[in-house]
Amino acid sequence: HRDLHSFPTRRSSDLATQTDALQIDNDFDGLASPGDTVRYTVTINNPDDAFDAASSGVLFNTGIDSNGTLVVGTVTTDQGTVTTGNSGGDGTVAVDVGKIADAGSVTITYDVQIDQPLDTAVTQLSQQGTVTSDDLTGGLPTDDAAVGGTTDATTTPITQTVIGNFIWNDLNGDGVQDGGAETGIAGVTLDAYWEIGRASCRERV
C-alpha cells in the first residue's frame, strides 16, 4: 500500500491540482465580478510510478472563501461520494473518493458565487482544498499548476465597476469640472438595471 504523499520528492502539483473557470457571467464581460459564478475543478492523481499501488481512503475537503458562497447542489465527482456540499445549508465541500487505482485520477467540481454586494477593496477569491488518505498525515494542499510554486491556492481575480459619485453642470462640454459656475448638481437619482433577470439597483448620487 502507498499513500499519496509517501514519495517525499513529489510535488502537490503532480497529485492534486485545482483550476478555476467563469461559469456564469451575468454581465457578459468575460471577467469574474460580483454576482458571477466560478467553477473550480480539482484533479487528484495517483501517478504510475515504481510503487505500482493504489491509494486508499482518499478524501477531499475544502472551505469557501469568505467573499463567496458555495452553490449548493453543484458538487460532482466521477468517483466516490459527495458527503458535504449538495444539501441545504452546506457551506463547505467534502468528497469521500475511496481508492484511486495506480495511474488513476479523480475529478471533482464545485461552483462558488461571488458575493453581491461586495466590498470594493476585495480583488480576488482564493480557494485551496486538502487531500488526505489512509496514511497521509496533515493533508496535501491542492495546487494551482499555472502558478510557479507547488502548493499555491487558486486565486480568481475579481473586477468591479464603480459608478462615480459626482455630477456637475459641464458648461463648456470638456468633461472636466472647471470650477466657478460649473457647480455640482444635487439630488440626482441614477437607476441602473441588469439586463437579464436581475433586480434593479437604485443609487442616489
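Me: What should I know about the model and its numbering first?
Reply: It is a predicted model, where local features need pLDDT of at least 70, side-chain atom pairs count only at pLDDT 80 or more, and totals for chains, interfaces and linings use all residues. Residues are numbered from 1 along each chain as its sequence is written, and side-chain values use heavy atoms, with hydrogens and water left out.

Me: How is a pair of aromatic rings described?
Reply: By the distance of the centres and the angle of the planes. Rings of Phe, Tyr and Trp (its six-membered ring) pair if their centres lie within 6.5 Å; planes under 30 degrees apart are stacked, over 60 edge-to-face, the rest tilted. The count here is one aromatic pair. Tyr40 and Tyr110 are stacked, at 5.4 Å centre to centre and 20° between the planes. Tyr40 is in strand β2 (residues 37–45) and Tyr110 in strand β8 (residues 105–114), 70 residues apart. Strands are DSSP runs (E, at least two residues), numbered from the N terminus.

Me: Is Tyr40 buried or exposed?
Reply: Buried means under 20% relative accessible area, exposed over 50%, partly exposed in between (1.4 Å probe, protein chains only). Tyr40 is buried because its value is 0%.

Me: Which residues have the most contacts inside the largest nonpolar core?
Reply: Such a core joins buried Ala, Val, Leu, Ile, Met, Phe, Trp, Tyr and Cys residues through side-chain atoms within 4.5 Å. The largest has 28 residues, with Ile44, Phe60, Val97, Ile108 and Tyr110 having the most contacts inside it. Strand β8 gives the largest share, five residues.

Me: Where is Gly184?
Reply: In the loop between β12 (154–157) and β13 (189–192). Gly184 is partly exposed, at 40% relative accessibility.

Note on methods:
Helices (H or I, at least four residues) and strands (E, at least two) are DSSP runs, numbered from the N terminus.
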